[in-house]
Amino acid sequence: WTPVHLDFVVPDIERACAAALAAGAQLERAVRTHVWGRIAVLSDPFGNGFCLIQFLNRGYDEIAT
């Protein structure tokens with residue numbers, strides 16, 4: 001992984017993961033669900049990391065204090 005990676009907000013994480021995997025990405029960690037949303041950690045064919053994020057409910061506001 002590089003020191004910087006991108007996060008892409010998607011409306012449907014399963015669909016976005018399927019498209020990324022079909023394009024050559026690798027799933028680095030299983031999709032995880034949190035109160036704010038779901039996240040998939042992937043890498044592209046060159047090893048650059050990126051995440052797919054699907055917000056749920058109020059997104060990050062779910063954990064804001």
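A residue is called buried under 20% relative accessible area, exposed over 50%, and partly exposed in between, with a 1.4 Å probe and protein chains only. The structure described here is a predicted model, in which local features need pLDDT of at least 70 and side-chain atom pairs count only at pLDDT 80 or more, while totals for chains, interfaces and linings use all residues. Residues are numbered from 1 along each chain as its sequence is written, and side-chain values use heavy atoms, with hydrogens and water left out.

The C-alpha trace spans about 40 × 25 × 15 Å along its principal axes. Of the 65 residues in the chain, 32% are buried. Among contacts (heavy atoms within 4.5 Å) between residues at least 6 apart in sequence, 41% join residues at least 24 apart.

The four strands form an open sheet of mixed pairing, in the order β1-β4-β3-β2. Two strands are taken to pair if DSSP finds at least two bridges between them. In general, strands of a sheet pair through backbone hydrogen bonds, either parallel or antiparallel.

Strand β3 (residues 37–43) pairs with strand β4 (residues 49–55) in the antiparallel sense over seven bridges. Within this pairing, Val41 stands opposite Cys51 in β4, and Ala40 stands opposite Leu52. The hairpin of β3 and β4 has five residues between the strands, and Gly47 in this hairpin takes a positive phi near 90°. The pairing of β2 with β3 is also antiparallel, over five bridges; here Gln26 stands opposite Ser43 in β3. A hairpin of three residues joins β2 to β3.

Strand β3 is largely enclosed by the rest of the structure, because seven of its seven residues are buried. In a regular strand the side chains alternate between the two faces of the sheet. In β3, Gly37, Ile39, Val41 and Ser43 point one way, whereas Arg38, Ala40 and Leu42 point the other way.

Helix α1 (residues 13–22) packs on the sheet and touches β2, β3 and β4. Its direction makes about 5° with that of β3, where axes are lines fitted to C-alpha atoms, for helices over the stretch in contact, and angles run from 0 to 180 degrees between N-to-C directions.

The chain exposes about 4400 Å², of which carbon and sulfur atoms supply 58%; accessible areas come from the Shrake-Rupley method with a 1.4 Å probe, and for residues only the protein chains shown count as cover. With 68% relative accessibility, Asn57 counts as exposed. Ile63 also lies in the segment after β4 and, at 49% relative accessibility, counts as partly exposed.

How values were computed. Helix = DSSP H or I, 4+ residues; strand = E, 2+ residues; numbered from the N terminus.
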